[in-house]
Amino acid sequence: MKNLQFTLYYKVLCMEEKNQPTDSLRDIKDIRRIMERSSRFISLSGLSGVAAGAFALAGAYFGKNMLGNYYGSYYSRSFFSGDEFSRLKIKLLALAVAVFAAAFISSFFLTWRRAKKQGLPLWDHTSKRLLWNMLIPLLAGGAFVIGMLRFDEWRFVAPACLIFYGLALVNASKYTLTDIRYLGYCEILLGLINMYYPGYGLYFWAMGFGVLHIVYGSAMWWKYERK
């Protein structure tokens, strides 16, 4: 009987020792998850990137039609009209604002929905730091672009938008999913390449804000949300 008790005790002790590394690993993962939630905004939705990319591609399509109509009238009359150019600038700016508003609203809604499912707050100190670190390069880039538009320098508007947006993503990646940093690198690289091909700004814009967003959003959805 004593031998049987000793054997059972030995087995239980061995089982506890075997389970101990597993329990410790689980505790470390839980601690890491809590630390990430407190220091990083992890509720960004991959679908928001897909939606933003779709709106950007739609905006590029309408922008291409506007430019086509403008240059079509030039080829038919062999001269540019100052009034028509002013109207074209207003139309393109209005289109850019509309695309940005649609992308922002859809991204906000999809991210809010994911945060609600996770039981996490959408607006806390982490999201505030994320927003602030993203706004600094965006505001600087916006001021730079407005300065170029003031002097009718359109050739480098698209490259500047891509570069400053990429810098904003890299700067904000410290407070959210680190994968967004690679999207920022791609945006910066695309903007730098566009500097040497200024006549194709609309295509680079569509690639950066449209295709890259869709690819990134799809990858993030597959990696973090596919369940």
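Which helix contributes the largest share of the nonpolar patch? The largest share, three residues, comes from helix α6 (residues 180-194). The structure is a predicted model, in which local features need pLDDT of at least 70 and side-chain atom pairs count only at pLDDT 80 or more, while totals for chains, interfaces and linings use all residues. Residues are numbered from 1 along each chain as its sequence is written, and side-chain values use heavy atoms, with hydrogens and water left out.

The surface patch is formed by Leu-189, Leu-192, Ile-193, Met-195, Tyr-196, Tyr-197, Tyr-200 and Tyr-203, which together have about 900 Å² of accessible area. Patches are made of residues with over 30% relative accessible area and no salt bridge; like charges are joined within 9 Å and nonpolar side chains (Val, Leu, Ile, Met, Phe, Trp, Tyr) within 5 Å. Accessible areas come from the Shrake-Rupley method with a 1.4 Å probe, and for residues only the protein chains shown count as cover. Tyr-203 lies in helix α7 (residues 201-225). Helices (H or I, at least four residues) and strands (E, at least two) are DSSP runs, numbered from the N terminus.

The end C-alpha atoms of α6 are 21 Å apart, in agreement with the 21 Å that its 15 residues should span at 1.5 Å a residue; the expected span is 1.5 Å times one less than the number of residues. In α6, Ile-180, Leu-183, Gly-184, Glu-187, Ile-188, Leu-190, Gly-191 and Asn-194 are buried. They cover an arc of only 165 degrees around the axis and therefore lie on the same side of α6, the arc being that of the directions from the helix axis to the C-beta atoms. Tyr-182 and Leu-189, on the other side of α6, are exposed. Buried means under 20% relative accessible area, exposed over 50%, and partly exposed in between (1.4 Å probe, protein chains only).

The cover of the buried α6 residues includes α5 and α7. Gly-184, with a relative accessible area of 0%, is in contact (heavy atoms within 4.5 Å) with Gly-166, Leu-169 and Val-170, leaving aside its neighbours within four places in sequence. Gly-184 and Ala-168 are 16 residues apart in sequence, with a C-alpha to C-alpha distance of 7.4 Å.

Two salt bridges are counted, each a side-chain nitrogen of Lys or Arg within 4 Å of a carboxyl oxygen of Asp or Glu. Asp-179 pairs with Lys-223, with the closest N and O atoms 2.9 Å apart. This pair links distant parts of the chain, 44 residues apart: Asp-179 is in the loop between α5 (157-172) and α6, and Lys-223 is in helix α7. Asp-179 is buried at 12% relative accessible area. Arg-155 forms a salt bridge with Glu-153 at 3.0 Å between the closest N and O atoms; Glu-153 is partly exposed, at 24% relative accessibility.
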